[in-house]
Amino acid sequence: MRLTASLAFPALLCAGDSGWVRHVVTEDFRTNTAVAADFTGDGRVDVIANCSTCKEDVLFVAPDWKRITLHKGHSPIHSVVLDADGDGDPDYVAAQYTPGFIYWLERPPNPLDQPWKLHAVDDATKGGVNGIHGLATGDVNRDGKPDLIGNSAQPGGSFPNSIAWFEAPRFERHILADKDAPGLSHYLGFGDVNGDGRPDVASGAKTPPEGNWFAWWEAPQDPRAVWKKHLIAANQEGASNIFVVDVNGDGKADLLSSRGHGKGVLWFEGPGWKPREIDGAHQYPHSLAPGDLDGDGDVDAVACSAVYAGEPKAPRLAWYENTGHGRFRTHEISATQASYDVKLADMDRDGDLDILVAGQESRNVVWYENRLKAGRVR
C-alpha cells in the first residue's frame, strides 16, 4: 500500500504553482549538488548532498531525513548516481572542480552503519582531468555497462579544454574532445545526436572570448579515439546546460539547453539546429532537467536560477509544459528558491517525477512533490 505524502513526509510547505508541494530535506546547508536514490535498500528514496562549507558528503535518510556523514575532505560541484561496482545497488559519484578529483563512494551491505569506501576515478594532482564541472553517465562503448563522462574545462593541466570518458568497470580515462572545448565547458549531454546508433556527447561553454557556444562531439566507431566536434550555435552568452532529447516528437534528436550564466531556456531543433526560445527572460537558469512531468508522453523541462555574487538577486524555479510539437507553456513554482543543480526523481514512489533542488545560495536541499496528475495544470 502506498504511503500518503503526509504520512511519509510530514513537513509540507505549499509552492507557488498549485501542482507542486515543497518538502524540506535540510536547511542551513550550502550545497552545489544533490542526488536521489534508494541508498538504504528500504524502498524509500534517500538523498546524498555535499555540504560545500564543511566539505562533507551527507546521506539524508528518508522519510525523516536523518543525517549521516559518508565522507569528509572534498567539495564537489556535481554528482550522479551510478552502480559503479556492478553489484546491483546505487553508489555515489562526485567531482571536485579544481584541483580536479572524481571519486565514488561504495555503498556497503549495511549503508547506515558501515563506512562507504572512497574510490578515486581521476585525480588532477596525478595527471588527470582538471575543471570537472559536469558529470554524465551512459554506455559510451555499448558493452552493456554504464560509463562515466566528465569535462576537463580548465585551460591548463594535462588535458586542457577537453572532455573525457571513463570506461567501466575500471574507469580507464579516454579523451574524446582533445583541446577543442575552450571557454570553461559546463554540463554534458549524452545520446545519439545524428542517428547512427552510436551515442554522442554535447556541452556548452560560458566564458568569452573562446566560450559562449553549444557543440556536440560525434562518436567514432572506436570510442577510445578522438571524437569530431560539431558547432551547434555560437554567441550564446553564458551557455551551460544541454540535453539530447526529442523535444517535438518527430523521432529526431533535439537539444534542450539553457544559458545558465546568462539568460534564457531554449531548444535547438535537429537536425539543422534552429534555435527556439522557451523562456528568454529566465535569468541565470544554471539548473536544467528534462522529463515528462505531466505524464502526457512528451518532454517537459524544469529550470532554476543560480544567484551570483554582485548580480541582481533573482531566484526562480519554473517548469515548462510541452503542449505539443515543442511548444511550451511556463508555470512558476517559486520566486524564492535558488539552486546550482536540479534533478528529477520519483521521490515518493507514486509513479511521477518530482524535483530535487540543491539550493546553493538558498542554503537548503528541498524537493517539490509533483501533483500534476491531480488535474491542476492550467
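Modeller: Let us start with Asn212. Leaving aside neighbours within four places in sequence, Asn212 is in contact (heavy atoms within 4.5 Å) with residues including Ala205, Lys206, Thr207, Ala233 and Ala239. This is a predicted model, in which local features need pLDDT of at least 70 and side-chain atom pairs count only at pLDDT 80 or more, while totals for chains, interfaces and linings use all residues. Residues are numbered from 1 along each chain as its sequence is written, and side-chain values use heavy atoms, with hydrogens and water left out.

Biologist: Where is Asn212 found, and why is Asn212 called buried?

Modeller: Asn212 is found in the loop between strand E16 (200-205) and strand E17 (213-218); strands (E, at least two residues) and helices (H or I, at least four) are DSSP runs, numbered from the N terminus. Buried means under 20% relative accessible area, exposed over 50%, and partly exposed in between, with a 1.4 Å probe and protein chains only. The relative accessible area of Asn212 is 13%, so Asn212 is buried. The C-alpha atoms of Asn212 and Ala233 are separated by 8.6 Å, and these residues are 21 residues apart along the chain.

Biologist: How do you know that Cys51 and Cys54 form a disulfide?

Modeller: A disulfide is a pair of cysteine sulfur atoms within 2.5 Å. The sulfur atoms of Cys51 and Cys54 are 2.3 Å apart, and the two form a disulfide. A search of the whole structure finds one disulfide. The link of Cys51 and Cys54 is right-handed, with 140° about the S-S bond.

Biologist: What makes Cys51 buried and Cys54 partly exposed?

Modeller: Cys51 has 5% relative accessibility and therefore counts as buried. Cys54 has 34% and therefore counts as partly exposed. Cys304, with a relative accessible area of 0%, is buried.

Biologist: Why is the pair of Asp122 and Arg173 called a salt bridge?

Modeller: A salt bridge is a side-chain nitrogen of Lys or Arg within 4 Å of a carboxyl oxygen of Asp or Glu. The closest N and O atoms of Asp122 and Arg173 are 2.6 Å apart, and the pair forms a salt bridge. Asp122 lies in strand E10 (residues 117-123) and Arg173 in strand E14 (residues 172-177), so the pair ties together parts that are 51 residues apart in sequence. Asp122, at 7% relative accessibility, counts as buried, whereas Arg173, at 33%, is partly exposed.

Biologist: How many salt bridges does the structure hold, and what parts of the chain does the pair of Arg363 and Asp28 link?

Modeller: The structure holds 18 salt bridges. In one of them, the side chains of Arg363 and Asp28 meet at 3.5 Å, N to O. The pair links distant parts of the chain, 335 residues apart: Arg363 is in the loop between strand E28 (354-359) and strand E29 (364-370), and Asp28 in the loop between strand E2 (20-27) and strand E3 (34-37).

Biologist: What makes Asp28 exposed?

Modeller: The relative accessible area of Asp28 is 62%, so Asp28 is exposed. For Arg363 the value is 33%, so Arg363 is partly exposed.

Biologist: What is the mean pLDDT of the chain?

Modeller: The pLDDT is the predictor's confidence in each residue, from 0 to 100. The mean for the chain is 94, and 93% of its residues reach 70 or more. Over residues 1-15 the pLDDT is below 50; beyond near neighbours in sequence, this stretch has 30 contacts in the model.
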